[in-house]
Amino acid sequence: MILSCQNISKSFGVEEVLKNASFHIEEHEKAAIVGINGAGKSTLLKIIVKELPPDTGIVAIAKDKTIGYLAQNQDMGNDNTVYEEVLAAKQPVIEMEKEIRRMEACMKSVAPEELGTFMEKYEQLVHRFELADGYAYQSEVTGVLYGLGFCESEFGKKSKNLSGGQKTRVALGRLLVTKPDILLLDEPTNHLDMESIQWLETYLSNYKGAVLIVSHDRYFLDRVVTKVVEVFQHKVQAYQGNYTAYAKKKAQLRQAQIRAYYNQQQVIRHQEEVIAKLKSFNREKSIKRAESREKMLDKIDRLEKPMDDNTDIHISLEPCITSGNDVLMVEQLEKSFGGNRLFSAADFSIFRGERVALIGNNGTGKTTILKIINGILDADAGRVTFGTNVHIGYYDQEHQVLHMGKTLFEEISDDYPKLTNTQIRNTLAAFLFTNDDVFKKIGDLSGGERGRVSLAKLMLSEANFLILDEPTNHLDITSKEILENALVHYTGTVLFVSHDRYFINKTATRVLDLHDGQVINYIGNYDYYLEKKEQLRAAFIQGAAVPQKEEAAPKAVKAGKEDWKQKKVQQAARRKLENELQKTEERIEQLETDKAEAEQQMAMPEIAVVSAEVIKLHTKVQELDGQLEELYVRWEDLSAQLGEFDKSEGN
């Protein structure tokens, strides 16, 4: 074990963030911390690196192990260049190299009697230098910078002049070349393009130390981690496996918890009904049976209802009108900025019902294509043609039509007056605005928060052609899944730009790859693109035809007839059970009446003095008691069967 967190608790004022959080990381293990925004993931990392003190609990790191931390935001105000900033992390190796060169320079002047000691020190220093990969440190720095998306022309840029995203990439590069025993990374894939993320996946998978990552990039987590630590409602739970394995286990666990809770509630309600019925018979034995059941019911360890994690929030998208089959045709599109040509002769078409992902490295012109399609930018050449009855809904974080003076609630309710308060709150909750957040002013929100409001409005717009530029930015995993579900069930057409490969895999029916100024078509999701990328790029270069529209897949045959038959059998069995139970209750009531009449006759003065009659009535009462005892057992058995039947139906 290289890192252990034991019973970590942390609150900010009255707001509890973490409660008795415990988990551990083994040496060489790659693990992720996941949870909704605000769950406490970054807080947990800061506690581990001692930037924040825990209220209670202990963080233990194995002896002599080093730890490195990448925060989400970086402050670089110095005059170092990009290359110098990352190279500075190799200062100990650089100092060794300088000392080696100094010793080599003065080697000839060493006195003969001191030469042996001198050479021994020199050899030890060279050995340490070799162990630290001293001969390769410059190429290592260059390789890391290339891997993180910097081109050689950017190596000389001053760190203080970089954008926030570039500073984060420099900080990540500096951290990677230090090679600590434990890497803590907070959203390392932010600001990286797809090729850089793939490079980082390979680097971390082969990293000799332990890695603990906070990330919303599910595809990245699938490729890198073997353990997932979930922060949910202040508590921590560890799951073995990658993100997909965690999501499956989490869903199974939640379903089991929900099923167990409702099954127990059903049992409790059934027992309460049986107890009430037994008491209604108003006999000593039936009352005793009822009391016995009450004692058993009191001893049940009652399960708490599983708390909501927003998995029941759904957004329903429905176009206001159906478009024609041909939604968009882009022909021979060209665009340059100055001497930089982004794309030329770009051709593609989009058809009704498709969900098309436009991908490519940063700077290739993906957003530019979306802006040309929406008339925000003019193309240098080419043509954009829309089909009949196409109504566009466009999401671009740089062009948001929001009213700064309105609250979030007013922004939605004023544009969509038919929505109920609950529908408005659910829509905002899906995009991370809960409780009193809905009454914040638009003008007080950050850029990312305004983007989420714009996305929420777009999801309600009833457009039949959605054009989305990086729709998953600033969304946590739960919100991404809600958006994915909405798009998958959307009956209109979608064109989107995204770096989120998991999102692309879940939603895209086709991928357009903007590569070397050309658009290459892949009929499938991101995994299909990866499988066919080299093959189709080569075919495209050679001028081979690339299919533009996917043929409709055959529909699965449904077993509706069998389901209907099974349902009929179950309904018949239930009716039979209910009839038997009703007949048993009626028989009990009749025998109870007969018994009461016999006991009443025995108490009459004229009967009490006739011993033969008394014996006859007494025998009758005993017989009725025996029959009633059998009926009570039968009634309880039938009630239990009906309870089990209801339970199986509920499952």
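This is a predicted model: local features need pLDDT of at least 70, side-chain atom pairs count only at pLDDT 80 or more; totals for chains, interfaces and linings use all residues.
Local features rest on pLDDT of at least 70 and side-chain atom pairs on pLDDT 80 or more, while totals for chains, interfaces and linings use all residues. Residues are numbered from 1 along each chain as its sequence is written, and side-chain values use heavy atoms, with hydrogens and water left out.

Start with the inside. The largest nonpolar core holds 94 residues; a core here is a set of buried Ala, Val, Leu, Ile, Met, Phe, Trp, Tyr and Cys residues joined through side-chain atoms within 4.5 Å. Buried means under 20% relative accessible area, exposed over 50%, and partly exposed in between (1.4 Å probe, protein chains only). The members touching the most others are Leu 185, Leu 204, Ile 213, Leu 466, Leu 468 and Ile 504. Helix α6 (residues 164-178) supplies the largest share of this core, six residues; helices (H or I, at least four residues) and strands (E, at least two) are DSSP runs, numbered from the N terminus. A second, separate core has 26 residues, among them Ile 2, Ala 21, Tyr 69 and Val 231.

Next come two packed helices. Helix α9 (residues 243-281) and helix α10 (residues 284-298) have axes 7 Å apart, at an angle of about 155 degrees; axes are lines fitted to C-alpha atoms, for helices over the stretch in contact, and angles run from 0 to 180 degrees between N-to-C directions. That angle makes α9 roughly antiparallel to α10, a label for angles over 145 degrees. On the α9 side, the contact includes Ile 268, Val 274 and Phe 281, and on the α10 side Ile 287, Arg 293 and Leu 297 are among the residues involved.

Asp 625 sits in helix α20 (residues 611-650) and is partly exposed, at 24% relative accessible area. Beyond its neighbours within four places in sequence, Asp 625 contacts Arg 283 and Lys 595.

Finally, the backbone. Most residues other than glycine have a negative phi. Lys 50, not a glycine, has a positive phi of about 70 degrees; this residue is in the loop between α1 (41-48) and β4 (56-61) and is exposed, at 64%. His 234 has a positive phi too, near 75 degrees. The loop between β8 (227-232) and β9 (235-240) holds His 234, which is partly exposed, at 32%.

Definitions and conventions. Angles under 35 degrees count as roughly parallel, over 145 as roughly antiparallel, 65 to 115 as roughly perpendicular and the rest as oblique. Contact means heavy atoms within 4.5 Å.
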